[in-house]
Amino acid sequence: MHTVITPEKIELQPGTVVRMLGTWQDYQLLSQQLGDRCSPRIKYRSGEILLMAPLPEHGRDASLLGLIVTAFLDHLNRRYDSFTPITMSLPEVSGIEPDYCFDIKNWRSVVGKNRIDWLNDPPPDLAIEIDVTSYTDINDYLPYQVPEVWLLKNKQLLVYRLQGENYASTESSYFPNVKEIVQQCLQIANEQTTSEAIKWLRSFLGGSDPTPSIKKEQ
């Protein structure tokens with residue numbers, strides 16, 4: 001398959017990232033052309049459009065991290081809503097497609113909504129990106145003021161939290177020791193399966209694993 005980007009057709013080989021100059025109107029036209037297709041993914045930064053065709057590794061790791069967060073939230077008895085895939089957009093400013101979004105503190109703001117107004121509704125509390133092909137810039141999330149963003153890059157989890165007007169690399173505000181736990185889950189999933197990784201996590205959270213369990217929210 002050759003890379004093809006025309007007004008009538010978009011085809012990218014898996015793992016391909018294409019950067020090109022473009023306006024907000026160009027981004028909208030390409031988004032409409034792609035419709036509900038999950039690939040390629042499309043992103044808009046001021047004056048620039050990026051297209052990326054995910055590899056199978058991308059989808060597997062995205063699924064695993066989504067399941068990890070869900071296991072944590074269920075263990076903590078937290079209410080939440082989650083979205084995947086989802087497009088976040090601010091006219092003339094930004095268009096991005098996180099792999100997962102979780103509304104944890106702000107879950108009430110999205111209950112029953114089929115569409116989210118990114119200008120007026122609260123942003124998701126947690127966004128997750130899997131970066132296999134150097135596609136993600138943490139600053140893509142600044143216009144939306146997402147409080148916490150996870151970026152899995154080179155099989156290492158990077159956690160960023162919004163501090164003032166910038167993101168800082170730090171620990172998760174929701175889940176203690178999550179970097180180490182994600183690393184363990186990735187290793188189990190790689191050697192066995194995603195299901196075995198989540199079984200281990202639920203056992204760990206339940207306290208049957210020798211490693212101490214995290215404390216439930218009061």
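How many cavities of 30 Å³ or more does a search of the whole structure find? The search finds one. This is a predicted model, in which local features need pLDDT of at least 70 and side-chain atom pairs count only at pLDDT 80 or more, while totals for chains, interfaces and linings use all residues. Residues are numbered from 1 along each chain as its sequence is written, and side-chain values use heavy atoms, without hydrogens and water.

**Cavity**

**Pocket**
- The largest pocket (an open set with protein on both sides within 12 Å along at least five of seven lines) has a volume of about 1000 Å³.
- Among its 37 lining residues, Gly35, Pro85, Ile86, Thr87 and Glu97 are the closest to the centre.
- Helix H1 (24–34), strand S4 (41–45) and H2 each give two or more residues to this lining, and H1 gives the most, with six.
- The pocket lining divides into 17 nonpolar, twelve polar and eight charged residues.

**Helix H2**
- Helices are DSSP runs of H or I with at least four residues, and strands are runs of E with at least two.
- At 1.5 Å a residue, the 20 residues of H2 (56–75) should span 28 Å, which agrees with the 29 Å between its end C-alpha atoms.
- Asn77, which follows H2, has a positive phi near 55°.

Conventions:
The expected span of a helix is 1.5 Å times one less than its number of residues. On a 1 Å grid over the protein atoms alone, a cavity is a set of points where a 1.4 Å probe fits but cannot get out, and a pocket is an open set with protein on both sides within 12 Å along at least five of seven lines; lining residues have an atom within 4 Å of a point. Grid points are joined across faces, edges and corners, and a volume is the space filled by probe spheres set on the points. Ala, Val, Leu, Ile, Met, Phe, Trp, Tyr, Cys and Pro count as nonpolar, Asp, Glu, Lys and Arg as charged, and the others, Gly among them, as polar.
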